[in-house]
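Here are my notes for a first look at this entry. Please read them with the structure open.

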Amino acid sequence: MSIQVFGVPVSRGVAIGRAVLVASSRVDVAHYYIAPADIDNEIERLRQSRNAVADELSTLQRELPSDAPAELAALLDVHLMLLHDESLTGATKHWIRDRHYNAEWALSAQLEVLARQFDEMEDDYLRERKADLEQVVERLLRALTRSQPGLGAGAEPRDFAGEDPLVLVASDIAPADMIQFKRSVFSGFVTDVGGRTSHTAIVARSMDIPAVVGAREASRLIRQDDWVVIDGDAGVAVVNPSPIVLDEYRFRQRQSELERARLDRLRNTPAVTLDGKVVELLANIELPGDAPGALAAGAVGVGLFRSEFLFMNRADNLPDENEQFEAYRAAVVAMQGLPVTIRTVDIGADKPLERMSAHELRHEHALNPALGLRAIRWSISEPSMFRQQLRAILRASAYGKVRILIPMVAHLREVQITIEALNRARQQLDEVGRAYGPVELGAMIEIPAAAISIEMLLPHFDFVSLGTNDLIQYTLAIDRADEAVAHLYDPWHPAVLSLISSTIARARDHNCPVSVCGEMAGDPSFTELLLAMGLRSFSMHPAQVSAIKQRVLRADTAKLEARLVDVLNSPDPARAAQEHLGGGTN
Ligand code: PEP
Ligand code: MG
């Protein structure tokens, strides 16, 4: 039966594929197809890992101290029984043999099938055995990686012609796991939770794959292997569509591919408006590996390198100065002399560090992480890590044009500490004779207080960049990652527009370069409005550069600027923008 699951559209386009259901904790399990000739080897890997886990469990059982509670021995019996049950390892072979899934993926797929059966059981005791099954699978996955590691999540996926395309369905995907996703086989995804500017959504847009988040019931309603259409424009997942609906979506898929190919032709065209104003179109990146794509897309620099992605999924082993330096240098070199704006870590809120202490984590959950120890506040609380990052960035500046961007600035004291840390970092490099170049210092304007009192900040910075994602979150008191309030997250709210407009105007009055690096910069619905406000620098996902350029090429800034007041004074700015600027919602 065909059903539709509605959520929040976050990344445009249409993806059609078979559903792979993944528990949130297992998004990082390697998913790849094996060659038909490798089926027997893969089944052998599975068999060996089962034997290894059986040995592990038997040893545990043998070595149980005599005074151990009887429940523990019984539990190990249950685990051994589950391990040898045909419905687990036996059925897992079917995914390998018939679908050509690698063993880890086959095991996770079978776990999802069985987990649902457990969920539907009437008997409480039996239902609770699901946790035991998960533990057994966890052991098997570990044994698989130990014995003969398959293709790790970080390796290049192999594509085998004729295999069905795949879409991922999960309750949630952490921003850190999205980075692994960048190299996986999935052509789209849908999650139960999340909002339009959650970092998971942002990474989806940077990968340019169709995605829907906040589709609350998706992972319950969609079954392993269902055919799913992900409509990233409308924010809906269509499960097991009828042939007519499927045809319609295939048509739309072809149309959007044609549209992209057409826009791609603008790649090398300079972004200049009809009245001759040059507009700078920069790229947002998460990892140095994204830089060549930014260049290829026609970006004239990196306006935001979210350096915290280097720190995620790293447990206790955070990148040291040299590792960071290599990463920043790689991005700088890849940009071939174009400017690279490196933002110091924006850890916290929906991007926690794995190594955060239990104390910090408790607070993450109990209090309000978006208002907590985030971004520059976190860096200031870790002074030696802050200086280490600044040294790494300074060293990279010997290889090209580098700018440092400080997230979540609101207090003058934070600015003073940052400048002191930067001076100290320079001094430390001088002491060891390491080279560094000149760097400009910029502030993200993303807290309403910073936007309102921008004159206080401007004298200390060489440039400012508006983080509209957070500016909207904090102005409207809407958690950007919470699907329950996603409908209230409104970039068109007059208060938001007033803050953006006045920030741009006041920065320009002080001859301070200003850009926007939040999602609004890459959304064509806002291009005319931002140009009308006087913005001449936009930073966005590389995939958006051509679409925004197309709007710029058709714009006349003199006319737009003259009509801005009608939009800002309107109680319904979205409609007024459409009427007066020819832009507005798409
Ligand atoms: C923003 O807040 O607009 C921004 C660009 O930073 P991030 O999305 O990483 O918080
Ligand atoms: Mg931000």
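1. Start with the cavity. The space that ligand 1 takes up is the second largest cavity. Keep in mind that this is a predicted model.

2. Who surrounds the ligand? The shell around ligand 1 counts 17 residues. The closest of them are His199, Arg306, Arg343, Asn469 and Arg480.

3. Next, the elements behind that shell. Three of them, α8 (199–207), β10 (302–306) and α19 (468–476), each give at least two residues to the shell around ligand 1. The largest share is that of α19, with three residues.

4. Now the polar contacts. Glu446 places a polar side-chain atom 3.0 Å from an oxygen atom of ligand 1. In Thr468, a polar backbone atom is 3.1 Å from an oxygen atom of ligand 1. In Gly467, a backbone N or O atom lies 3.4 Å from an oxygen atom of the ligand.

5. How much of ligand 1 does the protein bury? Taken alone, ligand 1 exposes 290 Å², and the protein buries 100% of that.

6. Last, confidence. The chain has an average pLDDT of 89, and 92% of the residues score at least 70. Residues 149–160 are a stretch to treat with care: their pLDDT is below 50. In the model, this stretch still has 26 contacts beyond near neighbours in sequence.

How values were computed. Residues are numbered from 1 along each chain as its sequence is written. Chains are lettered from A and ligands numbered from 1 in the order in which they are written. This is a predicted model: local features need pLDDT of at least 70, side-chain atom pairs count only at pLDDT 80 or more; totals for chains, interfaces and linings use all residues. Side-chain values use heavy atoms; hydrogens and water are left out. pLDDT is the predictor's confidence in each residue, from 0 to 100. Contact means heavy atoms within 4.5 Å. A residue is near a molecule or strand if one of its heavy atoms lies within 4 Å of it. A polar contact is a pair of N or O atoms within 3.5 Å; within protein, one must be able to donate a hydrogen and the other to accept it, and residues adjacent in sequence count only if both atoms are side-chain atoms. Accessible areas come from the Shrake-Rupley method with a 1.4 Å probe; for residues, only the protein chains shown count as cover. On a 1 Å grid over the protein atoms alone, a cavity is a set of points where a 1.4 Å probe fits but cannot get out, and a pocket is an open set with protein on both sides within 12 Å along at least five of seven lines; lining residues have an atom within 4 Å of a point. A molecule sits in a cavity or pocket if more than half of its atoms lie within 2 Å of its grid points. Helices (H or I, at least four residues) and strands (E, at least two) are DSSP runs, numbered from the N terminus.
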